[in-house]
Every structure is written in C-alpha cells, then in structure tokens.
Amino acid sequence: MSLWVDKYRPRSLDELHYHPELSSRLRSLSASGDFPHILFYGPSGAGKKTRIMATLRELYGPGVEKLRIDQRVFVTPSNRKLDVNVVQSNYHIELTPSDVGMYDRVVIQDILKEIAQTQQVDLNAKQRFKVVIINEADALTRDAQAALRRTMEKYMNNMRLILCANSTSKIIAPIRSRCLLVRVAAPTDDEMTKVLQHVAKKERFALPTSATKSILATSQGNLRKALLVFEAMKMQKPDLTGDLEVAKPDWETYCSKIADSILQEQSAQKLLDVRGKIYELLSHCIPPTVVLKTISERIVDKVDDALKPQIIHWAAYYELRMRMGSKKIFHLEAFIAKVMTIYKQFNMIGYTDDYE
Amino acid sequence: MSESATIKPLFEPTDIFNFDFPTPPQSVESTLSETSRDASNNDSLGMDMPPSTSVGGAKRPERMILDSPTPPDYEEEPDFDEDELALMELERETQSLKESTSTQANPFVVEDNASQKHDFSSTGIFEGLDKEQPVASSSRITLTPPPENDLMPLPIFQSHFNTCTLPSLRAETMQGRMITFKRRNKPKPSNIQLHAKNAKVNAGDLLSVPLHKLLAEVDELKSQQEAIKLQQKYDEERRLAERTGMTVIKRSTVMWVDKYRPKQFTDLLGEDRVHRDVMNWLKEWDKCVFKRVQPGKKRKLENENENFVVDYLGRPRERILLLSGPPGYGKTTLAHVVARHAGYKTLEINASDDRSAATVSTRIKNAIDAGSGLASDGKPTCVIIDEIDGASGGGDASFVRSLLKLIQDVPARKKSNTPARPLRRPIICICNDLYATTLRPLRPFARVIRFKKPQPQILVKRLREICDRETLSADLRVLTTLVDVTSGDVRSCLNTLQFIKSKSSSVTDEAIRSSSVGMKDSGTTLQNVWNTVFIPLAAKQRRKAIGIDDGRYVDRLSFTIQASGEYDKIVQGLFEHYPNVKPLDASLGNLCKVHDWLGYYDRLSSKVSESQEWDLMGYMPYAITAWYHHLAAPANNAKPTEWPKADYEAYQARIANEEISTSLKNLVPPIIQSLFSTSTMLTEFIPLIMRIISPPLKPVNANIVKSGERAVLNRLVDLMILLGLRFWQEKGENGQPMMRLEPPIDVFVHYDGKRADDIAASRFAVRQLVAQAIDAEIAKRKGAGVEGDGTTRTDGFAKAYGLKGNEGLGKKIIDKAELPATDFFGRTKSTSVPLLRAESSDQGSVSPALPPEPPTKKFKAVYKFNEGSSSAVRKSIKMSALM
C-alpha cells in the first residue's frame, strides 16, 4: 500500500506507458554492455526518474529496488560538517546537490571518488560498474560541474553517471558532450488519460471524463502531479462525481491571487501589499523562479493578448537578473513593478511597445 | 722685652691680611705707584721676618687708635674664655675692617694691597700687565690665603705648644699691661704649604726663561684667548639662534586642542545642563567617598529614597555613569574636568590600554581600592573608561561583564563566603555609540547622559577667542561655516583652524571649503543615510552647506553612504520603505528606474560576495545614490524609514519551514525521496499530501464506521503510517486538547494564516479517530510483522513498527528494550526524530505496557489513559492477541 505515484509506477521498461521508442532504445543500451553516461532531461513529471529506475532494473535486476538511506557526513573546506542523506542500493547511489547548497562540489567529488575507486563487490552483479544518479543536475554549480567532467572519463571502468535535469541549458558543454542526451518529453493528454484510466482500473473504480479533464488541466503535462491530484480528489470525494473541485497546491492558488491584485490596482501601496504576499510564498520555501514563472503565467492568462509577449519578455528578463543577483525579492518586485507599469500604460494610453 | 718684640710682628700679618681681602679694584692703580716702596714687604707673610715688623709695628698703633673703643675690652675682661675672646677679637676686627673700607681709602689699604701685589709682581715683569690682564695673574691671586686662613692663626693657642708652630701672642695695652694670647692648637698644613710656595716664588727672582720668551708666550696666550673668546661668542650666537628656532617649532607642535582644552568647570563648552548632571552624579558619591552630605541636595535625596532602597554606603543608585555622544563634543574633557573639580584624581583607561577582564581586576580595582596613594595627593580615584564601546570581546570574560560584576559587588569567586568588596569610587564610562552591542549589559546599570551638539554660537565665540589669541584672523561667518561643516565637533574645528594657520594667517571661506580636512569621516547612522536619500536638503540647509546646490547630490550622498558602509542594510531599509514615499508618479516610471538601480546593486553585491571581486564594491554607493533622483521629496520627512525586518522575518520563517520539510523527507520511504526532489516535494508533494490525508470523515466511533468510510479510513491509516505522519494529542493554548500533525507539514497549506479552502477542517474527534486507527493498525502489523512478511514494503512497515515501539511506551527502559526490534528491521535513523517528539509531546497519555519482545511471540495488553474521560483506564485487546 503506497501512494499511487509509487504504487502504479512502472517498474520495468516494458511496463512504461508511453515513449515506446525511447524504452526500446534504453533496453538495447543496457543490453549492449557498453552503457554510456546518460543525461536525462525533460519537464518535471514527465517520467525521467521512472525511466532511470527501469533502466537500472534492466541493468541489474530487481535488486536496485531495494533502496536504503545512508547518512553521510562531509567536511567542507571551511570545516563545516554537512549531513547528507543519500539514497542508494547495492548497485547505484543517488545524489541531490541542491540539498547541500553551495557545497555540492565537495559532495560530488567525495562520493564520485569513493565510488569510482571501489570495484563492484557483488560478484553476481550483472555489470562491473556502479551507477551514480545526480538529480537536479541543472542545479549543480559551475564548480561542481567542472569537477565532474574529468572524473567522468577517468573512472569510466567503475562508474556510470546518470544525470537528471529539467533543461540542458544549465549543464556545461563539456558534460553534455560526454553524455548521451535522452530527452523525456512530457506525456500528451491522451497518454496521461491512458495512465489515469489504468490507475482507476487497477483501483477498481470508474474515472469520469470530466474529472480526467480537470486533472489534466491542472497538472499541465506533469504526470506525477496528476497522479497526486487524482489521489487527493479520490480521497476527498470518493465517488468523483458532481461538482469536482480540483485539488490544487495552495501556493498556486496564492500566486493567482497575487496576479489578480497586480491587475486590480497599480500603485505603490499595492506593490507593498504584493510584496508581503511574495514574502509569504518565499517563506513557504517556494522557489523564487517558480513564483516568478507562476505569477507571470497567471497574469498572461488574464491580460489582453497584445500585452502577453511583453509580460513574458519581462518575466524572462527579470528571471535572468534574479539568477545573476542574490536577493530574490528585489527582482520579483522589479518584475511586478514593471508589469504594473506596462499594464497601467496600456490601460491609459493603449498599447506601447516597451521592451526596453 | 723679648716677649713684646715677638708679639709685635705677629700682629702685623693678621692686620695686613685683613685689609687685603676686600681689596677694591680701584686701589690697584695706587698700589702700582707704591710697589717700589718696599720690596721686602711681602716677607710680612712669613711671621718670623723681623724687617717687616718695623713697618707693621708702625701701623699697628695707628690701627689701634682707630678702633679706640675696643681696647678696654682687653683690660676689663682679661679672664675671658679664650674662645670668647677670640670671637670678640674677630668681631672687632671685622668691624674695623668695615669702617676702614667704608670710610677711607686710607693709606693702609693702599699699602697693604701693594704689599700683597708684591708677592708675585715683585719681579716687576707683570707691572705693565697687571691692570689689563687679571686673567694671567689670576692663578697667583688665588695663592693669596683666603681670609679664614689668616684669621685662624689669630686665635690664641692654648696648649700643646710643641705641636703649634706659632708662639703665643702678646699684646700691650694702652696702660702698658701685657696680655698673652695663647695660640690655639690648630695646625694649618695648607698654610705651611702656602708659605713654602711663596718662598719658592720668591726664590725665583731670577728667571729661568728669558724675558722675551715669556713675553712672546704671553702674546701667544693673549691671541689664543682672543681666538677662544671669538669662538665662544660665535658658538653662543649660533646656539641662541638654534634655540630660538627650536622653540618656534616646539610651540607649533602643541595641538590647539590640547592647548585650549578647558581646565575649569566654567570653561566647558556645550550644554550646562549636561555638565551639571554629570557633576550631580559625581556629587552623589560624596557621601560614600568623602563621608559628607551635600546640604542642598539632602531633601531631594530623601524624596528619592522613598522610591528606591537606600544604598548602605550612600552610593547613587546607578553606580556607573555612561556618557555618550559623537566624537569631538568634549566628553572626555568634561569627565576629567568634573572629576578634578569634585576632588578626585583621575585614572583614565582608553582604547590604547589593554582592555580585558583582567584589566578590571588589576588596574581599576587596584586604583579604587588603594585609595589615596602617594601619587594621588591624598585624593580618591575616579576611574574614567574612555571609548568603552570599543572594548572588545563578548561572553562572560569580557571587559564589560567584569566591570558589571565590579559595580554589582559580585564576589570574585562564586563559592567564597566573603562578600565582595563593595565599589566605593565612581566610575565614568565614555562611548560614542550608546547602542553598541558590547554595552548592552551595562546600560541598565548606568546613568546614561547623552551629549548634544554644543550651541554653535558659543562654539563660534570660543573659536573666535582662540583665533584672536593665535593671531589668526577669522570672521564670525567663516567660523560659523566651519562649525556647520564639522557638525559641532570642537576637536575637528580646532584641528582645521590649526591646519589653516600653518598655511596662512587668516581663515577664509575658500580655505575651509577647499580643505576637506574639516569633513570628518565619521560613521553615520542608518537612519541618517535613509533620510539623506529620501529627503532633499531643505533650502536653508542647502544655503548653509558648503557649496552644494541640490542638483549635485551625488558626492554628498555617496559620501554619506560610504561613511555608513553597511550597504546591505541601507538598501534593505530603502527597499522596504520606498513604496511609502510620496513622489511615485502616476505612470510608475520612476519605480522601474529605481528597480533598475536596485537590480544593478544586487548584481554588484552578489559579484562581490560570490567571487570576491572587491573592486566592484566601490560602485555600490552610487547604485544607492541614484535613488535620490527618483524618490527624494521634502514630504518624505513625515514618514521616517523603519528598521527593515520583513526580509529577516521571511527568512526565519523559511528556515523553520525548511526544517519541517526536511524532517518529513527523512520520514518518507526512500523511493518517495528519490521520486521527489526537494523543490517538488515542497511544490507538489506536501500540498497534495495534505489533501490526501484529510478526507471528509465523520467523527464516529471506529467500530461503527460505514463500509465506504471504512475503506477511506483504512487507506488513510495506511498512508499515514507509510509517510511517517502522526497525530499527537496535546493541549492547545486555550487548554483545549487538540491533535497535532507531526511533522507539522500543515504549515504549507496555511497562507496568510488561513487554511486552504478546499481542505476540510480536520476536527479533533476525527483526528482522534484516525490516531486510534493508526495505533491499532500498527499494533496489528507488528503482530504480522513478526512472521516476517516484509518484502517491498519492509521499509515503511518496519518504520511503522519502530514507531509503534516508541509511541505507546512512556518509560525509557522499555524504549531501550524496544530499540533492538527496530534494528531487526534495519531502520533506526529515521525513527529518532519522532521518538524524541513522542516523548516530549506525549505527556497527556500514559500507556504502560509490557515490553514486547518480537522474536518470542508475546502478547501485550495496552492500557491507555484518556484524560477527561470517565472510564479512566481503557483496556483494548486485539483479536490477534487472543488467538
């Protein structure tokens, strides 16, 4: 008994519901005995992790499903001790660099060296190498990525890397060139419906199409989220009939509220009000980029078509600025001020081409 | 007859020598004329020279006649004690000497002088030189016996005739009576030597060196001396010149600040009130220190005494005085002046001294305890601790802490029974920043006196006086400007004036303007900086401030900002305040401009902090300065910038929430951990899980739940066990029992303090129901778990099992017994957090139970005490336990 996300997760490559051609390729790769470093990339909830686990199972057999958590201690150059929980099986180890913040280089170096310098102990193992999975590889700092590049070549005998990222843009070129890039596209609505129906069938109830639609609308190609929403709906309203309220993360609701208040009034006072709300979001540990993205999406939904490109433009501009700076709130507020200005101008004097 | 003959000559030399001593220089010429008179007169020095006696004898009666009044003494008191007689004789002689010298330049004198001269000039060589060359003959003059040498022989020898070289003296009175003066036995070897020498000189009547050679030598000597004299004169002049030069430099090295430091209470600049406050405080110590009470203050003190406990030593309530104010306002001077005025000796401890806890015990305590030492002129010591805000170090051993102990009479060692020596002397502390963190513990125990700017008029007047005295011409207007520039810093004013004085003799506006000397680089408060950015200079200020027209604000602002240095704090304050300021134009255009600058600043600062590019730091003030152009308005005066706190509050909230999400992440099974990264955990997992675990359940007894709801409940229980979520009962703030979710991930669905709409309010009864169901399920699983059916679910299961073990059991021993069981399933770490929480939160429900030992299948009864329930003990036995 587990969450549906886990319970109906395909365990092997054969069970995967979509991207069959990708599955066959992964199968042949793992069979070839010449398994490369792989960089999986694609939007969140598209099934990267599921495919990785399935590939590992293909490589090593069901043993990879036996996960355990190890607590490791790393010492930073500044003599700070870092406690990191590492998920691992006998055959692979998973790292999430964002857990350790700016010290990811130390962790990467330590773990990779340790793994690379020890041979596979299990004689029955199908492969001589171990696999290191790096989640959120795009969150790796430049230093850490640089630390990776040589290790990847040097310890090829004992270790393979599987990187998992949302976008390759933040991965440095040397690493990209050393990896086999595998793109996992988000499932289409049909594919998602198929999966949802599959789950419903297994759980022995019928899924009304209206419910499916609302789930698809809110999850936007994120199957993981879709399944969670699905389960939440099922828990809240077991019969899934009538006026369904789609379970939505609270911060998203809150972001739409912010978007509303931005468009409602453009003044310094409102800006102050919005700032409080943004602080509220940030204090709930919602990543600033996600906040910016969600708010701009909500605004784009609501404004005149003529303004949409501008707002996207400025969202991109301020997100870039945010990544270059350190105080996120400054840039979030700058974006909001900009949107307010544009919107106010548009309302007062009509459309102006303001990209600068 | 023979006797008288011997006596007469003996009198001679004494007389001659008596006259010889006070020889007036003018008589020299006359002596020269008579030098030839008797060459043998020099022999009179020798006492046994008969020829001279005739001369001396001829004179003696005359002398005797001159001092006619004296002789009767000899007659009438012949039996006088010899000593007395000698004294009388002495007196008489000196008297006669005076008379002779004062009344007449009598022939005797001339003669005597002549005779004396003849001692050495008898050769005739120096006749011509004598007058103009006293130097050359000086060595011989010294040869002439000093008066006492000559007088001494006078007294009569009384005994040991054999030892005395001289015979006794005899004299004949006018009546013809003979008196014998015995000589005192007092050999004078020097005398003898002298005579010998003289004899030698006399013996050299014939020169060993030819006269012309001697003359040549003399010439050479003369010229040499001339040269030496010239050289000396030159040296003297040069030295004099040097010394005057030195004094010029010396005078200028005295700082005017020190030179014109007020010495008296009445000289002090600034507010009288402050001075009097300080003085009053110091006077309050009088009772303790000087054991006297100020009469004038008595009644007032009594009134105060009603409010606070009287100190048994009569010390003021605050035993320490804290003077605070910007530099250059005269705090240190005031402290010193007042302390001296009140009769104390001061001991100053400033930043140049070592200021550790040890200092307090060694220097301060010693100074205070020692009381009046030698150096203190009997005055008690008043300790002045200057620049105390710079005293380093926090913690227990810091300077301020130990100072605090001192003033609170805390014993040095905690356990010692002897009470601490109470503080009996005043301590004055001086600081610039009253709110320095190091001073925080001290403030409650100190009387704080703040310094204000001295009134510009008074200061200007004083400066004027000083300028007058230093002959530096300065008009009042210029001095007023100076005072403005330095914002009342007297020290800075004086230094600037002295600086200007070193260049020219008059102070001009330009001199002050051009020299940035007057601008002191003092730290400004953040509030000040914020105001500077938001509020433009008032027109009046603008006129006053040096050469500033408001169009050129960049220098002024960047200077202020740089002086503060805390860019981050400044920006944060500005950022949090700017929406409140007035001149936001309707199109919000300036807002975007401000944000452009803000973004620029942020990029700079992150570059500086991340890659240590300190070069960029120099540009940061300008990024802040640019705000002025867009936002400054006089109306902003009404809304002062508040201390920024929103950012920090948000940060703290975020840290707390991150902690919660981490604790959840450590509880969930590894596959979930692996599927959800940290960010997706927060954005997707937690919000939706919160919905999943709050189904609309009705609060009914678990036994009569409908089948549909039963399924939901079972599923819920499963999930909660899986995810490590629990409900714990605890008392709320209002005393109501409540079920709390642990870990409290429900904070993530609470925005603005409100729960999301689509989550049904989870009622206490429902949660209780769920909690019971979870307990039951765990117990059941434990039974099943013993049979060892954990395959893929082992992890969650075992955790549940481990949790169970810790959950129901209150006693620690049982916990320990239980722990191996968790090890059996290989899961120990993740349970540690709930274990602790369980113990801390589980006060209400005590459920003693038998320690279950999983390997040997034992049944256990679970007792649960429910607070407030009538059936206090509920015993629940599972079916599995009976079978």
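**A tour of strands, helices and cores**

Select strand 3 (residues 320-324) and strand 7 of chain B: the two run parallel and are joined by five bridges. Strands and helices here are DSSP runs, E of at least two residues for strands and H or I of at least four for helices, numbered from the N terminus. Strands pair when DSSP finds at least two bridges between them. This is a predicted model, in which local features need pLDDT of at least 70 and side-chain atom pairs count only at pLDDT 80 or more, while totals for chains, interfaces and linings use all residues. Residues are numbered from 1 along each chain as its sequence is written, with chains lettered from A and ligands numbered from 1 in the order in which they are written.

**Stop 1: the sheet in chain B**

Pick B:Leu322. Its bridge partner in strand 7 of chain B is B:Val448. Now show the whole open sheet: five strands in the order 4-5-6-3-7, with parallel pairing. Strand 4 (345-349) and strand 7 (446-450) of chain B are the edges; each has a single partner strand, so one side of each lacks a neighbour in the sheet. From one strand to the next, the twist averages 20°.

Helix 12 lies across strand 3 and strand 7 of chain B, at about 160° to strand 7 of chain B. Axes are lines fitted to C-alpha atoms, for helices over the stretch in contact, and angles run from 0 to 180 degrees between N-to-C directions.

**Stop 2: strand 6 of chain A**

Switch to chain A, with its 14 helices and seven strands. Select strand 6 (residues 159-165): seven of its seven residues are buried. Buried means 20 or more other C-beta atoms within 10 Å of the residue's own; 12 or fewer is exposed, in between is partly exposed, and C-beta atoms are placed from the backbone. A:Met159, A:Leu161, A:Leu163 and A:Ala165 point one way from strand 6 of chain A, and A:Arg160, A:Ile162 and A:Cys164 point the other way.

Strand 1 (residues 38-41) of chain A runs parallel to strand 6 of chain A, with four bridges. Look for A:Tyr41 opposite A:Ala165. Strand 5 (residues 130-134) of chain A also pairs with strand 6 of chain A in the parallel sense, over five bridges. There, A:Ile133 stands opposite A:Ile162.

**Stop 3: a helix pair**

Select helix 10 (residues 250-264) and helix 11 (residues 268-283) of chain A. Their axes come within 10 Å and cross at roughly 170°. That makes the two helices of chain A roughly antiparallel (over 145 degrees; under 35 is roughly parallel, 65 to 115 roughly perpendicular, the rest oblique). Among the contact residues are A:Trp251 and A:Tyr254 of helix 10 and A:Val274 and A:Leu281 of helix 11 of chain A. Contact means C-beta atoms, placed from the backbone, within 7 Å.

**Stop 4: the cores**

A nonpolar core is a set of buried Ala, Val, Leu, Ile, Met, Phe, Trp, Tyr and Cys residues joined through C-beta atoms within 7 Å. The largest has 166 residues; A:Phe40, A:Leu163, A:Val339 and B:Ile624 touch the most other members. Helix 14 (residues 328-349) of chain A gives the largest share, 11 residues. A second, separate core of 65 residues includes B:Trp256, B:Trp281, B:Leu323 and B:Ala367.

**Last stop: where the chains meet**

Show the contact between the chains: 57 residues from chain B and 66 residues from chain A. Helix 26 of chain B gives the most to the side of chain B that touches chain A, with 11 residues.

Methods. Two residues are in contact if their C-beta atoms, placed from the backbone, lie within 7 Å.
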